[in-house]
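Hi everyone, thanks for coming along.

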Amino acid sequence: MIPALAHISDAAPRKRSGPRSLARRTADAIGHAVAEVLENDELASSAGLMQSLDPRIKLVSVLVFSVVASFVHSLPMLLVLIVATMALAAASRVSVASFARKVWSSAGFFGLLLSAPAATAWITPGEILVSLGPLSITAPGLVIATRLIARVAVGAGFGLLVVWTTRWTDLLRALSAMGVSDLVVATLAMTQKQIMSLLRTVENMHLARESRMLSGGTARDNRGWVIERMAFVARRSMKTADDVYDAMLSRGFSGAMPSLVDLHATTRDLAWVIASVAACVLALGVDRMVFPV
Amino acid sequence: MTAEFVLTDVCHTYGTGLDALDHIALTVEAGQHVAIVGANGSGKSTLLKMLDGLVFCNAGTITAFGHPLTEETLEEPAFRREFRSRVGFVFQDADVQLFCNTAFDELAFGPLQLGLGPDEVRARVAEVAGALRIEKLLDRAPYTLSGGEKKRVAIASVLTMRPQVLLMDEPTNALDPRSQVWLLDVLDQWKRAGRTVVIATHDLSAAAESCDRMIVLSEEHAVVADGAPEDVLAQRDLLLSVNLIHEHAHRHGADRHVHPHAHEHEHV
């Protein structure tokens, strides 16, 4: 006799219709996020221009580039800097299309949101280009807004180049070598690891739910389930934090996190520094002399 | 033989009021390979954490290397340093144990905490990584490693401290067959080096293969057997009563019979 537990329903499973369930969408999104991090490590390990630089020098030079970009006024020069980020991306084996998409979909969008008011006659009076009812876009306002967006795009581009061409482990090493407290660096490393681990847990929870659901569930059910699972993940996170602390104590942790950072600058890094300084001077010089404010 | 750990009438109760260990009395001698076996929730992991000074008893006493092992004594820097350098603990969940930036940092963490110089630390990392064949993993972040690789790095992170006693919680858990064989080889090398190993497991075959002493914990958290693995494993009724084996029906052609069957995997 077949026990009730093993009884197979005679009814054919109902076919799903309509959009994908919340569980599936969330699991896919998390899987995508995790895969992106892992792929990023692969890209950062490939043989490209930016990848070959010492992470400390890369970090400092990109910071300087971003600051320089904020002092550049002329739109042509900002355009040159935007093109420069793309050229660096190409030289670093980064897909220029995905690089541009990422920069403009995030930095471009937020830059637009922030700078849009500056383009209006309320904030920047001047020659009116377009009027939409009470809203008027002025010529000087448009220049200011475009300049702001371009600066954000340049900064975001350089920032993204560092993130995409530097492994997280090297980035933390660079921070450590640059004098950031070992405890802070260790906390960042643990946070990254914990986030990855919890993302996997959440992904599996959603997939487990998906595998036992015949319909997408009501919005109310989904909300309740997500809230309950969030509480579970929070509890699990705290338990893991306790266990990690025990593991640290077990290996002699006494409050300090000394590390052996082993980074060496090469002649390539020196050449990069010289080229970077020259590029910054040139950008500011041309901006001031050719396009005076 | 020298007694490395002596537990006398040790009891432990969780904050929730649940009993974890009930009047445990045992001695672990130097060079012994001990398997603590028991069903899920029998208190194996708690006992192991107690031997590592991470959990403390509510009643009874524990001494390690002739010194009382308590929260207070572990506050003393000299004893803490000596104890931590002599006892290594490999956690059941390798993810918990790998908290550093890279596998290299994991292996270097313990020696650095012990105050060793950079050259000595690098030498130890290179030696252990070579022995465990994980040189290629040293530059990688722990979260990018597979389950077996994480376990190797977790074990290596303890071995770089060159402990006298190795504590391992469910060492074969989540390992594929090849990694299990590798682990048993590591334990065998450890045995030949005269070091002490205490493992907590419910994998009876791994315990029998790698240990020369088996301690059985009941589901009531008490020691119910302590002896050579072959003697303990011969006590079928005892193993049935503590839920380490179960009656299992098998069909061979037209015949169907029942015989004891061991749990070899975590029942989640």
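Before we look at how helices pass one another, a word on axes: they are lines fitted to C-alpha atoms, for helices over the stretch in contact, and angles run from 0 to 180 degrees between N-to-C directions. What you see is a predicted model, in which local features need pLDDT of at least 70, side-chain atom pairs count only at pLDDT 80 or more, and totals for chains, interfaces and linings use all residues. Residues are numbered from 1 along each chain as its sequence is written, while chains are lettered from A and ligands numbered from 1 in the order in which they are written.

Let's begin with chain A. Its secondary structure comes to nine helices and two strands, where helices (H or I, at least four residues) and strands (E, at least two) are DSSP runs numbered from the N terminus. Read from the N terminus on, the order is α-α-α-α-β-β-α-α-α-α-α. The radius of gyration of chain A is 26 Å, well over the 19 Å that the globule rule gives for 293 residues, so the chain is more spread out than a compact globule. That radius is taken over C-alpha atoms, and the globule rule is 2.2 Å times the number of residues to the power 0.38. Along the principal axes, the C-alpha atoms of chain A fill a box of roughly 90 × 65 × 35 Å.

Now to the helix pairs. Two packed helices are described by the angle between their axes and the distance between the axes. Take H7(A) and H8(A): their axes come within 11 Å and cross at roughly 140°. H7(A) and H8(A) are therefore oblique to each other; angles under 35 degrees count as roughly parallel, over 145 as roughly antiparallel, 65 to 115 as roughly perpendicular and the rest as oblique. The crossing of H7(A) and H8(A) is right-handed. For handedness, a crossing is left-handed if the near helix is turned anticlockwise from the far one by less than a right angle, and right-handed if clockwise.

Which residues of H7(A) and H8(A) make the contact? H7(A) brings A:Met190, A:Gln194, A:Leu198, A:Thr201, A:Val202 and A:Met205, and H8(A) brings A:Arg229, A:Val233, A:Arg236, A:Ser237, A:Thr240 and A:Val244. Two residues are in contact if their C-beta atoms, placed from the backbone, lie within 7 Å. By class, the contact of H7(A) with H8(A) has six nonpolar, four polar and two charged residues. Here Ala, Val, Leu, Ile, Met, Phe, Trp, Tyr, Cys and Pro count as nonpolar, Asp, Glu, Lys and Arg as charged, and the others, Gly among them, as polar.

Next, look at helix H3 (residues 75-91) and helix H4 (residues 96-115) of chain A, whose axes come within 9 Å and cross at roughly 135°. This crossing is right-handed. A:Met86, A:Ala89 and A:Ala90 of H3(A) touch A:Val96, A:Phe99 and A:Ala100 of H4(A), and the contact has six nonpolar, no polar and no charged residues.

H4(A) has another partner, helix H5 (residues 139-165) of chain A: the axes come within 8 Å and cross at roughly 140°, again in a right-handed crossing. Its contact residues include A:Trp104 in H4(A) and A:Leu160 in H5(A). That contact has 13 nonpolar, five polar and one charged residues.

How many residues does each chain put into the contact between chains A and B? Chain A gives 25 and chain B gives 28. On the side of chain A that touches chain B, helix H1 (22-44), helix H6 (168-177), helix H7 (182-211) and helix H8 (219-250) each give two or more residues. H8(A) gives the most, with eight residues.

Finally, chain B. Six of its strands form an open sheet in the order S6-S7-S8-S3-S9-S10, with mixed pairing; two strands pair if DSSP finds at least two bridges between them. Within this chain, S3 (residues 33-38) and S8 (residues 196-201) pair in the parallel sense over five bridges, and B:Ile36 has B:Ala200 in S8(B) as its bridge partner. Elsewhere, S4(B) and S5(B) form a hairpin with two residues between them, and B:Phe65 in the turn has a positive phi of about 55°.
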